[in-house]
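Trainee: Good morning. Could we go through the charged side chains of this model together?
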Amino acid sequence: MNIPRIAWAAYGFAVLIILLDQATKAWVLGSADVSDVAMIPDGWRFAEVIPGIFNITMVRNTGVSFGLFGGGGARWILTVFSILVSAFLVWWATRTDRRILISAIGLVIGGAIGNAIDRIQYGYVVDFLDFSSITVSGTRVFPWVFNVADAAITVGVVLLFIDGFLSDRRPAQVGAAPEKS
């Protein structure tokens, strides 16, 4: 199979996200003076980076991005789902030539695989980027703790919507078959 050059860009983005995600998680977990990461209490604050705004806090996420659908019972279902979605996106990258879409695909693949690695290794996803201290009128603005993979998935999904919006407004290519009514 001849893989188009632009598809390699998606794969490169995915590898970059996986490496960045796993490196930041290893850095955070390695900063705890414990022999086993299971000894780190859930909710443990490693550092207050920007007081009242940003902390590094250990959270065991048994759900999907930002802790949605948590509970732990779906560990293997979520892992298999992440791998299947990634496989589909790997294939889709060979079928497109749009740069925004390629970027989106790469980000989602990287994020999905990064979190799948955690589920396989730990049984949960390691989340640590904590902006939950930000409040407006006593209400948390962003109550979730997340990681690099979650951020990549979120940005990737936003880019998918942008690409879909923009691709609907692109003029038809010269020589393309007319649309049927």
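This is a predicted model: local features need pLDDT of at least 70, side-chain atom pairs count only at pLDDT 80 or more; totals for chains, interfaces and linings use all residues.

Trainee: How many salt bridges does the structure hold?
Mentor: There are three salt bridges. One of them joins Lys 25 to Asp 21, with 2.7 Å between the closest N and O atoms.

Trainee: Where do Lys 25 and Asp 21 sit relative to each other in the helix?
Mentor: Both belong to helix α1, which covers residues 5–30. They are four residues apart, so about one helical turn separates them.

Trainee: Why does that spacing matter for direction?
Mentor: An α-helix has 3.6 residues a turn, so residues three or four places apart point the same way.

Trainee: Is Lys 25 buried or exposed?
Mentor: Lys 25 counts as buried because its relative accessibility is 2%, and the cut-off for buried is under 20%. Asp 21 is buried as well, at 0%.

Trainee: What other residue forms a salt bridge with Lys 25?
Mentor: Asp 118 does, and the closest N and O atoms of that pair are 2.7 Å apart. Asp 118 lies in helix α3 (residues 99–122) and Lys 25 in α1, so this bridge ties together parts that are 93 residues apart in sequence. Asp 118 and Lys 25 are both buried.

Trainee: What about the accessibility of Asp 163 and Arg 98?
Mentor: Asp 163 is buried, with 2% relative accessibility. Arg 98 is partly exposed, its relative accessible area being 26%.

Trainee: Let me return to α1. What span should its 26 residues have?
Mentor: At 1.5 Å a residue they should span 38 Å. The end C-alpha atoms of α1 are 37 Å apart, which agrees.

Trainee: Which residues in α1 are buried?
Mentor: They include Ala 7, Tyr 11, Ile 18 and Leu 29, as well as Asp 21 and Lys 25.

Trainee: What covers the buried residues of α1?
Mentor: The cover includes the strands β1 (45–50), β2 (54–61) and β3 (125–130), together with the helices α2, α3 and α4.

How values were computed
Residues are numbered from 1 along each chain as its sequence is written. Side-chain values use heavy atoms; hydrogens and water are left out. A salt bridge is a side-chain nitrogen of Lys or Arg within 4 Å of a carboxyl oxygen of Asp or Glu. Helices (H or I, at least four residues) and strands (E, at least two) are DSSP runs, numbered from the N terminus. Buried means under 20% relative accessible area, exposed over 50%, partly exposed in between (1.4 Å probe, protein chains only). The expected span of a helix is 1.5 Å times one less than its number of residues. Contact means heavy atoms within 4.5 Å.
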